Amino acid sequence: MIFKVVGTQTVAGKTILTIVSTATIRPRLLACIYSQVGVVSTDSQWQVQGKRFTAPGTTTGLTPASTDSADPAATFTAGSNATVEPTYTANTTFQDLGINPRSTFRWVAYDPRDEIIMPATANNGLGFFLNVLGGATTPQVEATVMQ
Amino acid sequence: MIWIGIGSQTVAGLAALVVRNKLLTSARPRIFHVEYSTIGLISSDTNYHMIGRRSTTPGTGTAINFANPDSADPTDNNIGGRSAITVNPTLVANSTFQDIGLSPQATFDWVAYGARDEIILPAVADSGVAFIPLTIGGAATVQVECSLYE
């Protein structure tokens, strides 16, 4: 089953979106869309980093939306707009991008070998960290997740 | 068969395009391609904000006919669409399958990551999806083109 989740953030140094695994599944990140909403203050890029974590921090809970209306609810969980940061794991940055606040960028795995696979461990997962806000107002990340 | 529908909107909060099952209770149309663009003079560089969400009624708008890539295909009686919505469809909570900020100066093309990633509609008459500009930003007319097959 494939689900979509969208996170937002307005504060640099805080996480936009978290995807949290459980002990019984291995979710896979298939694709992401990076964009921003609101007035652009300057042409300075915003920077986002995708990293693994072992504790999800504190976020606003999201309800993953399925691509198939007949699917049951997702087992993994997701959160937006972190106020307490996840515990990130060093040397796990799988994506680090500077993005023009006037543009929209999509990353899609090259094929299933390139998908980002989460462990079957509760509270472990992936976070998208807003390192630099630049000229953006509200960066947002839409993630496509398979479980 | 593959069908292509195009809708547009100038008002924030109202759908640009609604795709719905008109009659089908046995087939499940699948969306595999969406293109977002704007037409007309751009007033500012502020992004517009599009969402795609499931709906259970088609709302009120201008009826559109879907085109198909094969000239030999029959006329479609099953897939319906509306453009320039004036009364929004009934939207399904927690069903947002696309949520993107877009530059009014750009054109953005979303293609499903394989068949697994296609957006599958239910086999329920009048159910479907709506593409709504939550904000218009600097755009004049937001346009959405959607390809699906049944």
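Buried area is the accessible area (1.4 Å probe) that two parts lose on being put together, summed over both. Between chain A and chain B of this predicted model, that area is about 2400 Å², and carbon and sulfur atoms give 49% of it.

Before selecting anything, note the conventions. Residues are numbered from 1 along each chain as its sequence is written, while chains are lettered from A and ligands numbered from 1 in the order in which they are written. The model is predicted, so local features need pLDDT of at least 70, side-chain atom pairs count only at pLDDT 80 or more, and totals for chains, interfaces and linings use all residues; side-chain values use heavy atoms, with hydrogens and water left out.

**Stop 1: confidence**

Colour chain B by pLDDT, the predictor's confidence in each residue, from 0 to 100. Its mean is 93, and 99% of the residues of chain B reach 70 or more. Select strand E4 (residues 48–55) of chain B, where confidence is highest, at 98; strands here are DSSP runs of at least two residues, numbered from the N terminus. The complex as a whole has an ipTM of 0.85 and a pTM of 0.91 from the predictor.

**Stop 2: the interface**

Show both chains. In contact (heavy atoms within 4.5 Å) are 32 residues of chain A and 27 residues of chain B. Next select A:Thr67, A:Arg102 and A:Arg106, which supply 23% of the area that chain A buries against chain B, more than any other three residues.

Now select B:Arg28 and A:Asp68. Their side chains meet in a salt bridge at 2.6 Å, N to O. The term stands for a side-chain nitrogen of Lys or Arg within 4 Å of a carboxyl oxygen of Asp or Glu, and there are 4 salt bridges between the two chains.

Then pick strand E3 (28–37) of chain A, one of the strands that each supply at least two residues of the side touching chain B. E3(A) gives the largest share of that side, 5 residues.

**Stop 3: A:Gln9**

Move to the loop between E1 and strand E2 (14–20) of chain A, where A:Gln9 is found. Is A:Gln9 buried or exposed? A:Gln9 counts as buried because its relative accessibility is 2%, and buried means under 20% relative accessible area (1.4 Å probe, protein chains only).

Key. Helix = DSSP H or I, 4+ residues; strand = E, 2+ residues; numbered from the N terminus. Buried < 20%, exposed > 50% of the residue type's maximum accessible area, 1.4 Å probe, protein only.
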